[in-house]
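Hi,

Here is the structure I promised to pass on. Have a look at it first, and my notes follow below.

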Amino acid sequence: MSAIADNLQAIRSRIAQAARLAGRSPDSVALLAVSKTKPLADIVAAAAAGQTAFGENYVQEGVEKVLATAVDRKLEWHFIGPLQSNKSRLVAEHFDWVHTIDRLKIAERLSAQRPANLPPLNVCVQVNVSGEASKSGCRPDETAALCRAVATLPGLRLRGLMTIPEPTDDPQAQRLPFRQLRDLHEQLRADGLPLDTLSMGMSHDLEAAIAEGATLVRIGTAIFGERNYA
Ligand SMILES: *Cc1c(COP(=O)(O)O)cnc(C)c1O
């Protein structure tokens, strides 16, 4: 087996174990393999080991990988990076999901630019639960209004919420922002929004995220190794 296949196996075990500890079915947590900065060969190796959903952060790099893999197999592509208006068309045309909706303007553009022959683009609203000024994501108190507006856009299908908390090694501290996102998710569902996705948890905190109800974890380093941005 390749190192990537081994890593995927280990991550699947971590997910299953965390789910069992939380009294949840392992199938209730989807695995998104975050392949940003990694070569096509790594994606091919992961796909050969059964991985179907991949996440990318940079539009140009992501689109190249979508196109390069499209001939051989149908992979599912998630855009999980900050999205600028001038790049939205490429994302609307090539991706299946966007996790980083944080303002109505970008959602409206994606909806208008989604090709009519494709199903609606699945989207999550990104929430900045830890509240630092520098980070992307809408404020918790803006989330309900943004979700309601996004839910009306014909080219999009609102699926849920996403967050990237401040990194910390303390497992109890890791759970707090995930719990806040889950609470928000539950409120919105109680208000009638049909959300089924909580996109939270990365290589270092997936156990905490699953304990708090994550339905999709975004894992890069633990599958593909450290990233080299040089
Ligand atoms: C890079 C990235 C990940 C993966 O992080 P790892 O710590 O490498 O698992 C997950 N989510 C987002 C939004 C990212 O940008």
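**What turned up**

Ser 199 is in strand 7, which spans residues 197–199; helices (H or I, at least four residues) and strands (E, at least two) are DSSP runs numbered from the N terminus. Before I go further, this is a predicted model, in which local features need pLDDT of at least 70 and side-chain atom pairs count only at pLDDT 80 or more, while totals for chains, interfaces and linings use all residues. Numbering starts from 1 along each chain as its sequence is written, and side-chain values use heavy atoms, with hydrogens and water left out.

Back to Ser 199: it is buried, at a relative accessible area of 0%. For that label I use under 20% relative accessible area as buried, over 50% as exposed and in between as partly exposed (1.4 Å probe, protein chains only). Ser 199 and Leu 161 are 38 residues apart in sequence, yet their C-alpha atoms are 6.2 Å apart in space.

Leu 32 gives another pairing of this kind. Leu 32 belongs to strand 1 and is buried, with 0% relative accessibility. From Leu 32 to Leu 216 it is 184 residues in sequence and 6.8 Å in space, C-alpha to C-alpha.

Now the ligand. There are 13 residues around the ligand, and Lys 36, Asn 57, Ser 203, Thr 221 and Arg 227 come nearest; a residue counts as near if one of its heavy atoms lies within 4 Å of the molecule. By class, that shell has six nonpolar, four polar and three charged residues. Here Ala, Val, Leu, Ile, Met, Phe, Trp, Tyr, Cys and Pro are nonpolar, Asp, Glu, Lys and Arg are charged, and the others, Gly among them, are polar.

For Arg 218, a polar side-chain atom lies 2.8 Å from a ligand nitrogen. The protein covers 91% of the 390 Å² of accessible area that the ligand has on its own (Shrake-Rupley method, 1.4 Å probe). A polar contact is a pair of N or O atoms within 3.5 Å; within protein, one must be able to donate a hydrogen and the other to accept it, and residues adjacent in sequence count only if both atoms are side-chain atoms.

A polar atom of the Ser 111 side chain lies 2.9 Å from the backbone nitrogen of Gly 155.

Thr 37 deserves a look on the backbone side. Thr 37 is not a glycine, but its phi is positive, at about 70 degrees. Most residues other than glycine have a negative phi. Thr 37 lies in the loop between strand 1 (30–34) and helix 2 (40–48), and with 27% relative accessibility it counts as partly exposed.

Glu 142, between strand 5 (121–126) and helix 6 (143–151), is partly exposed at 33%. Val 71, in the loop between helix 3 (59–70) and strand 3 (76–79), is exposed, with 72% relative accessibility.

Cheers
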